[in-house]
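This briefing concerns the structure shown below.

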Amino acid sequence: MQRHDMPLKASSRIVVGIDGFTPSIQAARTAAEWARTFGCQLELMCVWTAVPPSFTMVAEEWYPDRQAEKAAAEVVVAVFGASVPEWVNVRIPEGSAAGRLIEASRTYDLVIVGSRGHGGFAGLLLGSVSAAVAEDAHCPVLVVHETRTA
């Protein structure tokens with residue numbers, strides 16, 4: 001695994017993977033704070049796929065692209081409220097979340113992803129977008145772990 005330096009500046013571009021779950025909202029908040037601090041451009045990327053999450057329980061009217069749009073909109077409101085800064089862009093491509101973020105890492109200066117914290121044996125079985133991105137990205141990756149309150 002390579003070590004990358006992370007000098008962010010006004011011309012830097014940050015991409016954050018979002019999916020609507022708490023860890024991705026926390027990652028988006030971190031990304032927004034860094035982008036604001038360093039004057040960077042920020043892209044929120046919510047990737048969707050046409051493959052149903054469960055083959056046994058799929059509603060007749062399942063629209064993953066619309067669900068991704070809704071999730072992205074909810075993250076934007078959670079992070080920015082009603083006023084989205086001009087340095088923020090939202091993109092909702094189709095594909096594999098890890099694949100799209102790794103692809104984006106070729107042209108961005110930093111990738112930020114959330115981690116739901118699946119650990120141990122379950123983590124090995126489930127796989128992880130954050131682990132795949134951290135392993136194969138072409139730029140530095142920041143993994144934001146879910147913070148839990150007692």
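Ser115 lies in strand β4, which spans residues 110-115. The model under discussion is predicted. With a relative accessibility of 10%, Ser115 falls in the buried class, for which the cut-off is under 20% relative accessible area.

**Surroundings of Ser115**
- Leaving aside residues up to four places away in sequence, Ser115 is in contact with Pro23, Ser130, Val143, Val144, His145 and Glu146.

- Val47 is located in the loop that runs between β2 and α2.
- The relative accessible area of Val47 is 18%, so this residue counts as buried, given the limit of under 20%.
- When residues up to four places away in sequence are not counted, Val47 touches Ile18, Pro93, Glu94, Gly95, Ser96, Ala97 and Arg100.
- The C-alpha atoms of Val47 and Gly17 are 7.8 Å apart in space, while 30 residues separate the two in sequence.

**Helix α3 and its buried face**
- Helix α3 covers residues 97-104, and Ala98, Leu101, Ile102 and Ala104 are buried in it.
- Viewed down the axis of α3, these buried residues fall within an arc of 160° and therefore line one face of the helix.
- The packing partners of the buried residues of α3 are β1 (13-17), β2 (41-45), β4 and α5 (129-136).

**Crossing of helices α1 and α2**
- Helix α1 (residues 22-38) and helix α2 (residues 64-80) have axes that come within 10 Å of each other and cross at roughly 50°.
- The crossing in which α1 passes α2 is right-handed.
- On the α1 side, the contact is made by Ser24, Ile25, Ala28, Arg29, Ala32 and Arg36; on the α2 side, Val75, Ala78, Val79 and Phe80 take part.
- Sorted by class, the contact of α1 with α2 comprises 7 nonpolar residues, 1 polar residue and 2 charged residues.

**The chain as a whole**
- The chain contains 5 helices and 5 strands.
- Read from the N terminus, the order of its elements is β-α-β-α-β-α-β-α-α-β.
- Of the 150 residues in the chain, 36% are buried.
- Among contacts in the chain with a separation of 6 or more, 79% are between residues 24 or more positions apart.

How values were computed: Residues numbered from 1 in each chain as written. Predicted model: local features only at pLDDT ≥ 70, side-chain atom pairs only at ≥ 80, totals over all residues. Heavy atoms only, no water. Axes fitted to C-alpha atoms, helices over the stretch in contact; angles between N-to-C directions. Helix = DSSP H or I, 4+ residues; strand = E, 2+ residues; numbered from the N terminus. Left-handed = near helix turned anticlockwise from the far one by under 90°. Contact = heavy atoms within 4.5 Å. Nonpolar A, V, L, I, M, F, W, Y, C, P; charged D, E, K, R; others polar. Buried < 20%, exposed > 50% of the residue type's maximum accessible area, 1.4 Å probe, protein only. Arc of directions from axis to C-beta.
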